[in-house]
Amino acid sequence: MDPHASPKRHEELRQQYGLNMRIHGMGYFDERFVTFDPVAINYILGRAADLFPKPWQSRRLVSRLVGDGLFVAEGEQHRRQRKIISPAFSNHSLRTLQPIFFSKAIELRDTLSKLVKNAATSSSDKNEKVDDGLVVDMNNWLWRTTFDIIGLAGFSYSFDSLKNDENELYVAYRDMLTIGVKYGFTLRSMLEIWFPWIGRVFPNEESNVIQKSKLIVNRIGTEIVKQKKAAIMQDKMLGESGKGRDILSLLIGANMTEFTAQYQLSDEELLTQISTLLFVGSDTTSIALAWILHLLTLNPDVQQKLREAIASKIPSTDSFSVTDQNAVMSLPYLDHVVKEALRLIPPLHSTLRVAAKDDRIPTSDGTEVLIRAGQFVHIAFEAFNTRKDVWGEDAFEFKPERWANLPTAAKEAPGLVMGLMSFSLGPHSCPGYQFAMLEIKAVLSALIPAFTFEKSPKDTIKMGNILVTRPFVNNDWVNSRLPVLVRPYKEASSE
């Protein structure tokens, strides 16, 4: 669906047909159940989650890139992986990782400062200069930042992609992501879902790049898992524990010591978690940050209010002490801005499920909807987040202030975060949502006081749904970009 039109179209359908309806998807025989009903959603994604897995087609599409990790797994395989992975995202674990978020956020800020400063004195910069500012592809720099963060926080691996883009593992993932965006949902990519042998028998650029990149990921990932296991065994022999605080170390440590053999993950499954961490941990978070910046360019008053709110807690953001970091994380208006942006533009716009067998789905009005085995169920997060009967007539407007006094209906709405379906809910909800929220807040707290972000004068930003909702420029649907005019804040404020 067109992400520019689908939320409002969903709202029109809801007002016309109610919270539950049947539509035709890919043709007359593809009847789908679409629901905006909190009771139905809680049932489908909650207690009946095993009866409504993700379709094998969408799982195969994602597994081509990242393997059968937590993002793809279903049933018992998913429960095993989730049980072992979840403790790595505990509040205690996240507190130990928080300094990584801020150090990389500061590095991004300093990198942008150099870009803008050098452009002012150079006549050969490839980016467009505008007075004292520079048009920068923030989608690129935000992805590098989140990739660096998940490398360090995920498994103590330094990509340093903010300094250079030549790291072998970084290049492998960048190429896979680029190919995924470039080819998206072409006829060939759709055929390969049904007939995986096509890529092997008739290789093309897409299949060659994916195969080459996966070999690199598997080789380096296998070495990382081997090193982590050896370090944990050595610590155990020395009577030490807890030295490795990255997510993978915690995961492997728990896997080796806290679970019986029937629950333990194999080395292959551990390897897929590295791919999942890199893909989900960098891509979705950078996309969320990109859309937050975009919304702030469209709402300069909100941007300035956020800047003042950060400054009121931290007069100088040259560096962030632990006290400063904690102050930022508890800043109400920053929290409101992030949640409001995630409400309007959730990176994962929807989820598609399929009925494993005939079932009856309960609804808010006390009735049940009959679903046949094999029938698709569509839950649009973006539509649920913008229901006017929940959020009011201004549901499609960017108003962070609304989070200071949420409507009762929003407080009662389902979601991992109160009022939001952006992280889903139930056993397949995002286990790293707190990680993502902390990371987003750290990056914004470093960037917003240092720069003003404005719309690029010559570019029109559009949305495209390719795995997640990505920014594109004008009618270029091959390269995901977000050009933003970046100016030093102090210079802009003294004009």
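1. On the basis of the model: residues are numbered from 1 along each chain as its sequence is written, and side-chain values use heavy atoms, with hydrogens and water left out. Because the model is predicted, local features need pLDDT of at least 70 and side-chain atom pairs count only at pLDDT 80 or more, while totals for chains, interfaces and linings use all residues.

2. On the cavities: the structure contains two of 30 Å³ or more. A cavity here is a set of points, on a 1 Å grid over the protein atoms alone, where a 1.4 Å probe fits but cannot get out, and lining residues have an atom within 4 Å of a point. Grid points are joined across faces, edges and corners, and a volume is the space filled by probe spheres set on the points. The second largest cavity holds about 70 Å³ of space, and its lining consists of L65, W143, F147, Y173, M176, L177, L278, F279, S282 and D283.

3. On where that lining comes from: helix 6 (138–155), helix 7 (168–183) and helix 12 (267–298) each contribute at least two residues, with the largest share, four residues, coming from helix 12. Helices (H or I, at least four residues) and strands (E, at least two) are DSSP runs, numbered from the N terminus. By class, the lining of this cavity has eight nonpolar residues, one polar and one charged, where Ala, Val, Leu, Ile, Met, Phe, Trp, Tyr, Cys and Pro count as nonpolar, Asp, Glu, Lys and Arg as charged, and the others, Gly among them, as polar.

4. On the second largest pocket: a pocket is an open set of points with protein on both sides within 12 Å along at least five of seven lines, and this one has about 650 Å³ of space. It is lined by 27 residues, of which S63, R64, I210, Q211 and K214 are the closest to its centre. Helix 10 (205–237) is among the helices that supply at least two lining residues, and helix 10 gives the most, with seven. The lining divides into nine nonpolar, ten polar and eight charged residues.

5. On the sheet: three strands form an open sheet in the order 10-11-12 with antiparallel pairing, two strands being paired if DSSP finds at least two bridges between them. Strand 10 (461–466) and strand 12 (476–480) are the edge strands, each pairing on one side only. Strand 10 is joined to strand 11 (residues 468–473) by six bridges, and I461 has V473 in strand 11 as its bridge partner. Helix 12, which also lines the cavity above, packs on the sheet and touches strand 10 and strand 11, contact meaning heavy atoms within 4.5 Å.

6. V135 and P483 are 348 residues apart in sequence and 5.9 Å apart in space, C-alpha to C-alpha. T111, in helix 5 (residues 91–121), is likewise buried at 16% relative accessibility. P400 lies in the loop between helix 17 (388–391) and helix 18 (408–411) and is buried, with a relative accessible area of 0%; leaving aside neighbours within four places in sequence, P400 is in contact with V302, Y333, H336, V337 and E340.

Technical notes: Axes are lines fitted to C-alpha atoms, for helices over the stretch in contact, and angles run from 0 to 180 degrees between N-to-C directions. Buried means under 20% relative accessible area, exposed over 50%, partly exposed in between (1.4 Å probe, protein chains only).
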